[in-house]
Amino acid sequence: MPNYSRNCIVINVRQALAIIIIFILSGIKQSQTAVNYMDNYEKNNTNTPPVIVKSLNDTNVYCPGESDTECSALTYPCIRCAYNNSCHYGRDLNVTCSVFEHVQCLGERQFIRQMNCRYCYQTELWQQACVMRGNCNSVNNQYYRTNCTVHSDVLCLGNRSFTRNIKCNWTQGYRWSSALIISLTLGGFGADRFYLGHWQEGIGKLFSFGGLGVWTIIDVLLISLHYLGPADGSLYI
């Protein structure tokens with residue numbers, strides 16, 4: 001009778017469990033880092049109101065380097081401009097601006113600036129400074145409402161501070177390539193689910209041996225198509 005040689009793949013269960021525990025501890029550390037970062041960020045930005053000129057004679061406004069700066073180079077809140085609220089939207093126009101009486105600068109105190117006729121909330125996102133948040137779902141294209149203020153060098157109509165909807169777009173450091181490699185190699189033990197923070201599914205996948213291989217194949221397809229992402233709602237890097 002012919003002899004057939006069979007090649008068997010030997011899996012060291014102890015090493016596999018050790019790798020899974022490392023992924024679990026790494027995920028917990030990343031989650032704690034994200035929580036601490038967002039707590040510190042909100043503490044530093046929640047009680048920071050924008051600089052607002054309360055009146056034309058407000059002497060509490062600070063203009064950095066005002067004594068050595070040309071008057072025409074100053075920006076809000078050191079200057080005031082005569083806006084034309086009846087201008088045509090989207091058109092460029094010239095406005096007359098002047099420096100506040102208490103501000104010291106060089107050159108003419110009255111000058112011409114060019115601006116685009118639009119309200120401050122209609123300016124581009126790169127012309128605004130908004131309070132960014134990370135406790136939202138980026139995978140589902142979720143939007144959140146936050147406070148924004150136009151940059152000091154932008155001239156616009158209306159209030160310079162306002163609220164707007166911003167698309168959730170943040171990441172916690174999860175790599176798509178790492179998740180896919182883990183799913184291909186250790187997906188049968190639920191390591192990919194543990195890495196992405198899906199603890200309950202990871203435990204179920206571990207004790208069911210990857211759903212007898214079916215669950216493992218499905219997760220490989222979901223991760224490769226970017227359909228399965230981190231549990232905290234962040235994006236891959």
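Are Asp192 and Lys205 buried or exposed? Select the two: Asp192 is buried, and Lys205 is buried too (buried is under 20% relative accessible area, exposed over 50%, partly exposed in between, with a 1.4 Å probe and protein chains only).

Before going on, note that this is a predicted model, where local features need pLDDT of at least 70, side-chain atom pairs count only at pLDDT 80 or more, and totals for chains, interfaces and linings use all residues. Residues are numbered from 1 along each chain as its sequence is written, and side-chain values use heavy atoms, leaving out hydrogens and water.

Stay with that pair: the side chains of Asp192 and Lys205 form a salt bridge (2.9 Å, N to O), meaning a side-chain nitrogen of Lys or Arg within 4 Å of a carboxyl oxygen of Asp or Glu. Together, Asp192, Arg193, Lys205 and Asp219 are linked in a salt-bridge network.

Next, show helix 4 (199-207) against helix 6 (214-224). Glu201, Gly204 and Lys205 of helix 4 meet Trp215, Thr216 and Asp219 of helix 6, with contact taken as heavy atoms within 4.5 Å.

Last stop: pick Glu101 and Arg80, whose side chains meet in a salt bridge at 2.6 Å, N to O. Glu101 is partly exposed at 48% relative accessible area, and Arg80 is partly exposed at 25%.

Technical notes
Axes are lines fitted to C-alpha atoms, for helices over the stretch in contact, and angles run from 0 to 180 degrees between N-to-C directions. Helices (H or I, at least four residues) and strands (E, at least two) are DSSP runs, numbered from the N terminus.
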